[in-house]
Amino acid sequence: MITCQGLYKNFKTYQKEPGFAGTLKSFFKREYETKSAVKPFDIEIPEGEIVGLLGPNGAGKTTLIKMFTGIVVPSGGTVNIIGFNPAKRDRRYRKKIALVMGQKSQLWWDLPAMDSFQLLQRYYEIAERDFKKRVGELAELLDVQKLLNVHVRKLSLGERMKVELMSCLLHKPEVIFLDEPTIGLDLIAQRNIRQFIRDYHHRNHCTILLTSHYMADVEALCSRLVFILEGEKRFDGDITTFSNLLGSEKNVVFDFENSVEEHPLLIPFDPHWNDDHTRVELRIPHNRLKEVTVQILECLPVVEFNTEKLPIERVMKTVMENPALLESAQREN
Amino acid sequence: MLSRTKYYLLLYREFIKTCFVEAMSFRLHFVLLIIMDLVFYASVFASVDIIYQHVETIGTWNREQLMFFVSFILSVNHLQMSLLANNYWELSLLIRQGGLDFLLVKPASSLFSTFLRRISAGSTLLFLVPWSCMIYFGNKLGFTWHAWVILPFLVLLAFMLTGLIETIISCAMFWMLEGVGINFLRMQLQQVARWPDFIYAGFIRKILTFFIPVLLIYNAPSRFLFDFHDWLVMVGMLSAVAIGWVVLFFLWKLCLNSYESASS
């Protein structure tokens with residue numbers, strides 16, 4: 001369905017020294033350097049799978065999606081998506097894919113979404129009956145029936161993202177590329193969008209490649225995760241393996257009656273304190289959980305505690321600080 | 001081929017509809033633009049009329065000939081302003097802010113979507129003004145029926161040539177990124193083209209006829225209509241259009257290959 005081998009992209013950039021003198025210098029002479037946005041990248045995604053593409057800012061996630069959609073031409077490597085090479089921009093390929101960018105909009109700002117949908121109907125040659133049916137279905141799923149005739153500029157960010165998603169799905173794409181679809185949304189809007197994507201995938205069995213800064217998106221939607229760091233694929237496997245990268249540790253949160261000073265008992269477990277030192281979050285190995293918890297309960301004024309799986313955000317932060325962890329995990333996977 | 005043509009005609013009809021809906025939602029702005037266009041047409045004709053109150057001829061052309069020439073320019077300019085100009089102004093923003101991404105994933109020619117998407121709705125309504133003037137002065141010049149038949153085709157041919165030249169120039173925005181300089185260059189070339197070619201001499205005239213053939217846009221059709229024996233200029237114009245299409249298709253491929261989009 002989606003395969004690529006040795007796919008890479010280099011960009012030419014130049015550095016400018018600050019100030020007027022630097023500007024003058026770079027006006028006459030620029031020293032260009034080649035930057036690898038994506039280093040030789042291999043991936044295989046079977047039909048109907050949702051894969052989460054994870055990585056910090058500037059890791060190369062969006063560049064990868066732009067190469068997959070044919071927006072940017074790769075510097076090298078091969079890519080095949082549903083039988084097409086995206087760089088050739090075959091019209092038949094473009095009819096089968098959809099792209100949603102959380103930071104950009106394809107809707108006409110000064111028009112109600114319905115007017116933009118009608119333009120898309122022409123682009124994708126959707127028959128009138130199918131179009132009406134599709135708009136009705138999607139509007140109901142997203143609960144936006146009352147928003148379709150409101151000017152896009154008057155919609156909230158969450159509402160706009162809903163109609164944006166609708167616009168991309170009108171033509172029933174086989175492959176959907178979602179680039180940060182929940183960015184900037186409040187928690188409820190994020191949850192609604194996630195719920196919609198999950199339901200839509202369940203009903204349509206399309207292939208989805210999702211990039212996100214919010215780990216909750218990836219956790220809620222994807223069973224498989226690809227982690228990119230500095231343009232390079234560093235992990236490709238199931239989300240549970242990624243969560244267990246730091247070993248079988250548990251995340252334990254202790255709430256204290258009053259402010260507590262740093263305690264030697266807590267130091268080995270990577271303590272994360274809140275501002276007034278009334279709450280601490282610890283990473284405790286599973287086999288020592290009972291023993292350490294009892295000690296803390298005895299020594300410190302604990303009023304409440306709870307245990308949970310280590311949040312994937314913490315895993316990601318740790319592996320970014322220590323990328324060597326990924327190599328061992330990748331070998332095991 | 002026929003179904004493709006139908007597809008693009010229907011898509012273009014949708015572009016027109018969408019632009020009208022958008023423009024008419026700003027009612028005062030819509031009306032103001034129409035008034036400004038009317039003032040522009042009036043000022044152009046008034047300028048020529050004032051000149052002819054002081055001289056009998058300019059070069060070999062009398063008042064009616066120059067008035068027809070100006071009407072022809074305004075007819076082509078009307079099409080350019082209504083159908084293309086907004087797209088040129090928007091192109092550099094599309095490139096710098098990555099808005100072009102969405103046009104590139106649509107299942108239609110990216111060249112078509114990029115340069116024909118934005119229509120100046122108010123301006124399109126004023127097509128009667130330059131065409132009425134053109135018919136009025138053509139009548140005064142005693143045009144034969146042959147001239148009347150080919151006149152619409154010559155307007156379309158001139159529109160095509162000006163569109164090709166300006167689109168080719170606008171492609172430079174893919175490398176320059178900032179579009180203001182390119183747009184001013186386009187407008188300067190429009191100014192150069194709006195004069196009878198005999199006012200230019202020697203080397204400059206050759207450059208503006210053969211290299212950047214802006215002098216052919218309005219002069220070739222007008223001269224041909226005034227005197228059918230002057231057919232060689234039309235051969236030059238048709239050649240320029242053919243070469244323009246080849247250059248544009250080649251250049252557009254280069255543009256898309258060099259497009260880096262914008263960071264998200």
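A:V51 stands opposite A:R224 in strand 8 of chain A; strands here are DSSP runs of type E with at least two residues, helices are H or I runs of at least four, and both are numbered from the N terminus. This is a predicted model, in which local features need pLDDT of at least 70 and side-chain atom pairs pLDDT 80 or more, while totals for chains, interfaces and linings use all residues. Residues are numbered from 1 along each chain as its sequence is written, and chains are lettered from A and ligands numbered from 1 in the order in which they are written.

I will stay with the sheet. Strand 3 of chain A, residues 50–54, runs parallel to strand 8, residues 224–229, over four bridges; pairing requires at least two bridges found by DSSP. A:L54 stands opposite A:F227 in strand 8 of chain A.

On to the next pair. Strand 8 and strand 9 of chain A are antiparallel, with six bridges, and A:R224 stands opposite A:D238 in strand 9 of chain A. These two strands form a hairpin with two residues between them, and A:E230 in the turn has a positive phi of about 50°.

Now the core. The largest nonpolar core has 115 residues, and those with the most contacts inside it are A:F177, A:L209, A:L210 and B:L161. A core here is a set of buried Ala, Val, Leu, Ile, Met, Phe, Trp, Tyr and Cys residues joined through C-beta atoms within 7 Å; buried means 20 or more other C-beta atoms within 10 Å of the residue's own, with C-beta atoms placed from the backbone. Helix 3 of chain B, residues 63–97, gives the most to this core, with 16 residues.

Leaving aside neighbours within four places in sequence, A:L209 is in contact with A:I45, A:V51, A:L53, A:I65, A:F68 and A:F177; contact means C-beta atoms, placed from the backbone, within 7 Å.

Last, the two chains. The contact takes 29 residues from chain A and 22 residues from chain B. On the side of chain A that touches chain B, helix 4 of chain A gives the largest share, five residues.

How values were computed: A residue is buried if 20 or more other C-beta atoms lie within 10 Å of its own, exposed if 12 or fewer, and partly exposed in between; C-beta atoms are placed from the backbone. Two residues are in contact if their C-beta atoms, placed from the backbone, lie within 7 Å.
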